Every structure is written in C-alpha cells, then in structure tokens.
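Me: I'm new to this one and would like to go through a few details with you. Could you start with the terms we need?

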Amino acid sequence: MTTQDLIKVADECRRVLDNNWRDTHTIPAEGLYPHQWLWDSCFIAIGTRHIDNKKAQQELRSLVKGQWANGMLPHMIFAGSGSGSRDRRIWQAWRNPHAPESLDTSGITQPPMLAEAVVRVGEMMSSVERREWYQEMLKPLVKYHRWLYSERDPHNEGLVLLLHPWESGFDNSPPWIEQVHRHHKPWWVVVIEKLRLEKLMMLVRRDTHHAPPGQRMRNIDALLYFATMQRLKRKDWDIDRILDRPYFTIEDVAFNSILVRANTLLKKIAKETAHELPKELLEHMATSQKALEELWDTGHKKYYSRDFIRRKLIKNDSIASLMPLYAGTISRDRAEQLIDDLKNSRTYGQKYPIPSVPVSSSWFKPVGYWQGPTWINTNWMIADGLQRYGFHKEAGDIAVSSVQLASMHGPYEYFSAIDGSPAGAKNFSWSAALVLDFLTQHKAN
Ligand code: GLC
C-alpha cells in the first residue's frame, strides 16, 4: 500500500465514524444497527480517540448511562425513536426492577471491553486528566465486574456464564448454534421447523433487508434465538428464575478471556487512582485466571467453551479458541500452540486472516455470518495479545491485512478470509475505528 492509499483509507474511516455519530454515541451501521451496542461502542472509542478524544469519552459515558441498578451493562441501548420503540416493546426490560427508567435497553450483556476502552482513551490524556477520567469510570466498572461475578458465576468458580448467544458477540458462531439446537426447543419452533414454515421469518426479519440472506443467520436459527430471548423475558430477566430451569448456560471461552484481560486493566485503573478494589472482587479475579485453564483440552491442544450444566467442553472449532491470547495470562507454551494454529494454512492461516471459523471445519462458509469470514475486532484483539507476548511480526501482519481489506473495499462488517471480498453491512463503525487504530500503530512502528 502506498502512503496515498493509507491517507485515503484513513479519510474513509473518519467519514464513516462521522456519519454514524448520533448526538451522544455512534451506531454500528446505518439501517441494520440503529441502536448503541455495548462492545461496538468500546471498539469505536478506541478509534475515535485518534480523531477527538472528548467524543470518545462521550461514547463511553453514554454506555454507562444505560447501566442497570444491579450493575449490568446492557448489550443495547435503544434509539429514542423509530425502530427504538419497536425493539423496546419486544424486549420489555422494564419488567425487571433494576432496569433504568430514563432510557430503554435490552436485558442481556455483551463482552466486557469497557475497561480496555477506558484505558485506551486515558492513554491520550495528561496524567492529571487521566486520573480524573479513571476516577469517573472506576465506579461503573467495579459495579459491572461485581455484577458479572455475583449473577453469572453462581458457584464462585471464576468462569462467568452466558444465557444467550447474543451475549457472546459472536452471535452465529458454530459452537453456539450447536448448543441452541441441542437443548430444548419450544413446541411452536418444532412445528414451524416440521412444516418448513421458517421462511415466514423473512416477513419480520430486518437484517435481510440490508444484507443478502446468505450472509446472515438461517431463519430457523434466528427463530430459536428469538425464542430464547422470549424465554428470558418471561422470567423478567431475573437471574434466579432463569437459572432455576435454564435452557442452556455456557461458559464462553472468548467472553471469559475478555473478562480476564478487563480484570487486569481494571486493576491498573484502580492503582493509578490509588483505590483499593473490593477484596471479594480481587478474589474472583484470581480465580478467573486459574479457571480459564479448565477450558484447555489436552487432546486437541485448544481452549473451548464449556456447557455449564453438563460440565462438558464444546469441541467445535471457532476463533473463540484463540481468544485466550488476548487474555494474556496463559503460559507462553500454550500461547505458542495457539499461534501454530493461527499460522496453519489448513486452519486459520489464510490470505486475509483471521477467519472466524477454521477452513478445516465443516461449518466454514467464506461469507457466512460468524461462520468463516474475517472480522476486524477479533483481528484487533488477537493482534493486541500477540504484541503482549512479543510476537510483533505476527501482530503486524494481521494489522496490515486488516488495513488492506478496508483499503480495497471500505470498512465493511466482515470479509472473506480467502479472497477478501466484503460482506454484511457497509460503513461499519468498529471496522472503521479499529482500522484507524491499526494505522496509528503502523506509524508508531
Ligand atoms: C451483530 C454482532 C454483534 C454486534 C452487533 C452490532 O449482532 O454479532 O457482535 O455487537 O451486530 O454491530
């Protein structure tokens, strides 16, 4: 790529972020994603800090406004009008007494990237400003991490569990789809499946108006996800009632890896502001780091998510297995085994890395939603982990390839790992933001 190319792609990414800005926050993409999403805004702030750090702070403050009284950060804060009112009626978060009154949110969470975003935004400030910023964000962060443990780690084992694939952020990933089909299906879904009526879903689906159906979830999967959400809603988003008779509960390896990294960053934030974290939270953090190793499968030499009820690893390959590289606490030996897989041309080592599912998997589809294509956010997290383990060349290659994808086609939602063709939503905010971040690392190196 020439300097001209780099200037052009940076301009394009800035333009996308500008167009997707909505007064207080950035939407992921026009049309398809009209609300504020939790981990999207964290990635967006990491990019926006290079353009306007005050705006990046605002992005995160807006997220924290949606925090529930019990500490949960919801995965969506609905737009005040338009599809916002439709989704607000579907979710009915108000059934739970902890939901905020001043705005409408979903009733589940998403990966805890907030500590990372807070630190990255803080990096752009003077030490005095940073302390103030950290002080402001420390309280909601501590409240969120305590909630993750108190509600989602019922046996104090260190791994938090997820109740819906949407919480993982990798919505349609094979291990999740497999679990959703394996567990109890409501009778009406079974009837629809038997009578092959799932095409009717097309009448209510919004995503397929914005991207070709072959690049989105299958109707039957979308239906099951909807049914799972309805069930959580019927229990008023109340964890005790949900866990009383759960459909499925998964200890997701990617989510827990992100939590382990977020814990390390939260400790840094507390230290810089001379605050002591609650003792019980520090204990949970230490347990998490150890418990992550329980997800290691010695036979396959890989980390996998675990079915919390059956206590069995879900041995279905996906990029989630590489995410302990981002956690940063696994041994160098295990990190090297993951890196072997990352470079292997029969699995993840493709022309435009890193595919969300290895090409060796029977699930692999070049542009199937979370079932093969390359996403810029997973590239960013894995490259960051590689840097911290000292694999600078490998991290640099991922950064260059990510920038190249955006330069060839614009910051799309995802790309084929085989030939780089773009898919999903165009003008996708986190792709734009993280490409900008990659570009600054490029300059720094
Ligand atoms: C999709 C992605 C999810 C993301 C959301 C908004 O649902 O799977 O990770 O947060 O879109 O971009």
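Reply: A crossing is left-handed if the near helix is turned anticlockwise from the far one by less than a right angle, and right-handed if clockwise. Helices (H or I, at least four residues) are DSSP runs, numbered from the N terminus. This is a predicted model, in which local features need pLDDT of at least 70, side-chain atom pairs count only at pLDDT 80 or more, and totals for chains, interfaces and linings use all residues. Residues are numbered from 1 along each chain as its sequence is written, and side-chain values use heavy atoms, with hydrogens and water left out.

Me: OK, in which hand does α12 pass α13?
Reply: The crossing of α12 over α13 is left-handed. On the α12 side the contact (heavy atoms within 4.5 Å) is made by V260, N263, L266 and K267, and on the α13 side by L281, L282, M285, S288 and Q289.

Me: Switching topic, how many disulfides are there?
Reply: The structure holds 0 disulfides, a disulfide being a pair of cysteine sulfur atoms within 2.5 Å.

Me: Is C13 buried or exposed?
Reply: C13 counts as buried (under 20% relative accessible area, whereas exposed means over 50% and partly exposed is in between, with a 1.4 Å probe and protein chains only), because its relative accessibility is 0%. C42 is also buried, at 0%.

Me: And where is T48 found?
Reply: T48 belongs to helix α2, residues 38-48, and is buried with a relative accessible area of 7%.

Conventions:
Helices (H or I, at least four residues) and strands (E, at least two) are DSSP runs, numbered from the N terminus.
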